Amino acid sequence: RFGLSQLHQLRGRVGRGEFQSYAIFIDTTNTDKSIERLEVLKNSNDGFFISEADLKLRGPGDIFGVKQSGSIEFNIANIYNDMNILKMAFTDAKKVLNNEIFLKPSEKSAIKLKLDEYSKHSYTI
């Protein structure tokens, strides 16, 4: 039930003392997916690599909700293939919200409507 990143963090917390210690993960489901996930942990200590593998294996979940795994539907972008474009869009959105990029009021209201459409929250722009 844990994500790979959580298991990696747990593994790092084991045995912080002076004695040799081990983190042992036991797969009780014996599914191909769980075996593949444990193989990632077995073969890497790189947290960034493990996080990326976890994202690919489990999916990103629901950005605006509480679902923590599963696929997500993008109308235009693919979260895996278009990561650099999505990062740029995120950076630009922060600049708009921080008034570093100035938009016409109609452009700002269009962004606000779209954000409100995707979320139950109301945003101030």
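Biologist: Hi! Which backbone nitrogen does the side chain of S44 reach?
Modeller: The nitrogen of D46, at 3.0 Å; a polar contact pairs N or O atoms within 3.5 Å, one able to donate a hydrogen and the other to accept it. This is a predicted model, where local features need pLDDT of at least 70, side-chain atom pairs count only at pLDDT 80 or more, and totals for chains, interfaces and linings use all residues. Residues are numbered from 1 along each chain as its sequence is written, and side-chain values use heavy atoms, without hydrogens and water.

Biologist: Where is S44 found? And is S44 buried or exposed?
Modeller: S44 sits in the loop between α2 and α3, both helices (DSSP runs of H or I, at least four residues). S44 has a relative accessible area of 11%, so S44 is buried (under 20%, with a 1.4 Å probe).

Biologist: What does S44 touch, skipping residues up to four places away in sequence?
Modeller: R11, F49 and I50, where contact means heavy atoms within 4.5 Å.

Biologist: New topic! At what angle do α2 and α3 pack?
Modeller: About 170°, with axes (lines fitted to C-alpha atoms) 10 Å apart. Helices α2 and α3 are therefore roughly antiparallel (over 145 degrees).

Biologist: Which residues make up the largest nonpolar core?
Modeller: There are seven: L4, L7, V40, L41, I50, A53 and L57. A core joins buried nonpolar residues through side-chain atoms within 4.5 Å.

Biologist: Which element gives the largest share of this core?
Modeller: That's α3, with three residues. Helices α1 and α2 also give two or more.

Technical notes
Axes fitted to C-alpha atoms, helices over the stretch in contact; angles between N-to-C directions. Parallel < 35°, antiparallel > 145°, perpendicular 65-115°, else oblique. Buried < 20%, exposed > 50% of the residue type's maximum accessible area, 1.4 Å probe, protein only.
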